[in-house]
Amino acid sequence: MSPLTPMPEDLTGMIAFLHRCRWEYRLASRVLPDGTRLFTAVVWRPDPLGGSRKCRAADPVLALRMAVINARKARQRRHSRTGNA
């Protein structure tokens with residue numbers, strides 16, 4: 001797996017990071033009954049190795065960061081399974 005690129009701490013920086021690294025993403029939010037906002041993020045690349053599962057967090061940057069980490073792990077695992085390791 002390639003060395004990890006440091007990820008930004010703010011939302012605009014994180015979105016720029018995703019574009020720069022050629023990740024596609026979906027970020028959605030909803031308000032829970034107690035008034036707390038919950039963000040759901042999914043990150044993927046448009047190729048056969050795909051991307052992450054849904055990651056949920058109270059902070060949008062944290063949700064996107066967890067989705068990128070999850071996607072990197074999933075892609076590495078899928079790449080290893082195809083005999084390309």
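**Salt bridges and what lies around them**

Author: Happy to! D47 and R75 form a salt bridge, with their closest N and O atoms 2.8 Å apart; the term stands for a side-chain nitrogen of Lys or Arg within 4 Å of a carboxyl oxygen of Asp or Glu. This pair links distant parts of the chain, since D47 sits in the loop between β2 and β3 and R75 in helix α2, 28 residues apart. Helices (H or I, at least four residues) and strands (E, at least two) are DSSP runs, numbered from the N terminus.

A word on the basis: this is a predicted model, where local features need pLDDT of at least 70 and side-chain atom pairs count only at pLDDT 80 or more, while totals for chains, interfaces and linings use all residues. Residues are numbered from 1 along each chain as its sequence is written, and side-chain values use heavy atoms, leaving out hydrogens and water.

R75 is buried, with a relative accessible area of 12%, whereas D47 is partly exposed at 33%. Here buried means under 20% relative accessible area, exposed over 50%, and partly exposed in between (1.4 Å probe, protein chains only).

The whole structure has two salt bridges. E9 pairs with R65, and their closest N and O atoms are 3.5 Å apart. E9 lies in the segment before α1 and R65 in helix α2, so this pair ties together parts 56 residues apart in sequence. E9 is exposed, at 65% relative accessible area, and R65 is partly exposed, at 21%.

Leaving aside residues up to four places away in sequence, V68 touches M7, M14, F17, L18, W23 and V43, where contact means heavy atoms within 4.5 Å.

Six of its eight residues are buried, so β2 is largely enclosed by the rest of the structure. Strand β2 pairs with β1 (residues 24–31) in the antiparallel sense over eight bridges; pairing requires that DSSP finds at least two bridges between the strands. Three bridges join β2 to β3, again antiparallel, and T40 stands opposite R56 in β3.
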